[in-house]
Amino acid sequence: SSDLKLVTIFQLVLFFIAGYSVIIQGKITEKHIFYTFILSMIIVIVYGVSTYEPVSGFAYKNRIASTAGNPNTLAVFGSFAYIFTLYLIGNEKKILKHIFKFLILMILVYGIIKTNSRQGIVLISVSTLIYICIRSVHNYTNSSNKRKFLFKTFLFALGVTSLLFIGFQYFQNSSYYFRIQTLLSFVKVGVNSASVNFAKIVDYSAYERSQFIIYGIKIWLDNLFFGVGLDNFRVVIKQYWPISNPLY
């Protein structure tokens, strides 16, 4: 549509301005790249939330896809922007900029949650945990007062635990919780000749992914030395599983 084209053009303009600024300054740092990527993701998320229209009432019910066209794709890109923002927050000294970047972080998290993508929630959870561990080890190593640092870390961990407990109460009433429950139910059921139809009903998305694993291994074994070519899986899979979902 014309609206999507305008948003895409706006993103390209932002990339051009950022790129040109870097060129004329003769310097390029990771911050230039991070800020450009993060700003573009904020625009895409805000656009997606403000103009939400389900791509498919069955497959993407209550899930935003924005200009990405797929909620999972949007969640993955949003997760990368989230990781970049975590890094920028960790290196920020000024309190106002710290608050501003934290607000950006919240917008990204909100956008990822609105996609209802299980990939997104796993990515931001794991990346946050890894980042905190790496940052804590780094700060502890460079701390002059180890006891004071450990005490602050304990208070921080206590605060985070409290927030997680409160957040989980809201999480239980969300679409995310239902999708994770169906995934766990699917794992319990498994996929075999006796339960395949029931597995489809429990979580069809998980069923499709399990089939991709099975047929992916078969394709790999049939083309062991030369493969099938970059990104040709989505074409070759039709020879093994004709009814596979073209979205994947």
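Colleague: What share of the contacts in the chain with a separation of 6 or more comes from residues 24 or more positions apart?

Modeller: Contact means heavy atoms within 4.5 Å. Here, residues 24 or more positions apart account for 57% of the contacts with a separation of 6 or more. A word on the source: this is a predicted model, where local features need pLDDT of at least 70 and side-chain atom pairs count only at pLDDT 80 or more, while totals for chains, interfaces and linings use all residues. Residues are numbered from 1 along each chain as its sequence is written, and side-chain values use heavy atoms, with hydrogens and water left out.

Colleague: Thanks! How many helices and strands does the chain have?

Modeller: Both are DSSP runs numbered from the N terminus: helices are H or I with at least four residues, strands are E with at least two. This chain comes to 10 helices and 0 strands, so its pattern along the sequence reads α-α-α-α-α-α-α-α-α-α.

Colleague: How should I read the packing of α2 on α4, and at what angle do their axes cross?

Modeller: Axes are lines fitted to C-alpha atoms, for helices over the stretch in contact, with angles from 0 to 180 degrees between N-to-C directions. Under 35 degrees counts as roughly parallel, over 145 as roughly antiparallel, 65 to 115 as roughly perpendicular and the rest as oblique. Helix α2 (residues 30-50) and helix α4 (residues 95-114) come within 10 Å and cross at roughly 50°, and they are therefore oblique to each other. On the α2 side the contact is made by Y35, I38, M41, I42, I45 and V49, and on the α4 side by K101, I104, I107, L108, Y110 and G111.

Colleague: And which angle do α3 and α5 make?

Modeller: The axes of α3 and α5 come within 9 Å and cross at roughly 20°, so these two helices are roughly parallel. Residues of α3, including A75, V76, I83 and L86, meet residues of α5, among them L123, I124 and Y131.

Colleague: Now the rings: how many aromatic pairs does a search of the whole structure find?

Modeller: Rings of Phe, Tyr and Trp (its six-membered ring) pair if their centres lie within 6.5 Å; planes under 30 degrees apart count as stacked, over 60 as edge-to-face and the rest as tilted. The search finds 7 pairs. Take F34 and Y87: their ring centres are 5.6 Å apart with planes at 85°, so this pair is edge-to-face. F34 lies in α2 and Y87 in α3 (residues 71-90), so the pair ties together parts 53 residues apart in sequence. Ring pairs also link F34, F37, F77, F84 and Y87 into a cluster.

Colleague: Are F34 and Y87 buried or partly exposed?

Modeller: Buried means under 20% relative accessible area, exposed over 50%, partly exposed in between (1.4 Å probe, protein chains only). F34 is buried at 16%, whereas Y87 is partly exposed at 28%. F212 and W241 form another edge-to-face pair, at 5.7 Å centre to centre and 75° between the planes. F212 lies in α9 (residues 204-222) and W241 in the segment after α10 (233-240), so this pair joins parts 29 residues apart in sequence. F212 is buried at 12%, and W241 is buried at 6%. In the chain, buried residues make up 29% of the 248 residues.

Colleague: One backbone point: what is the phi of N116?

Modeller: Phi of N116 is near 55°, a positive value in a residue other than glycine. N116 lies in the loop between α4 and α5 (118-141) and is buried, with a relative accessible area of 8%.
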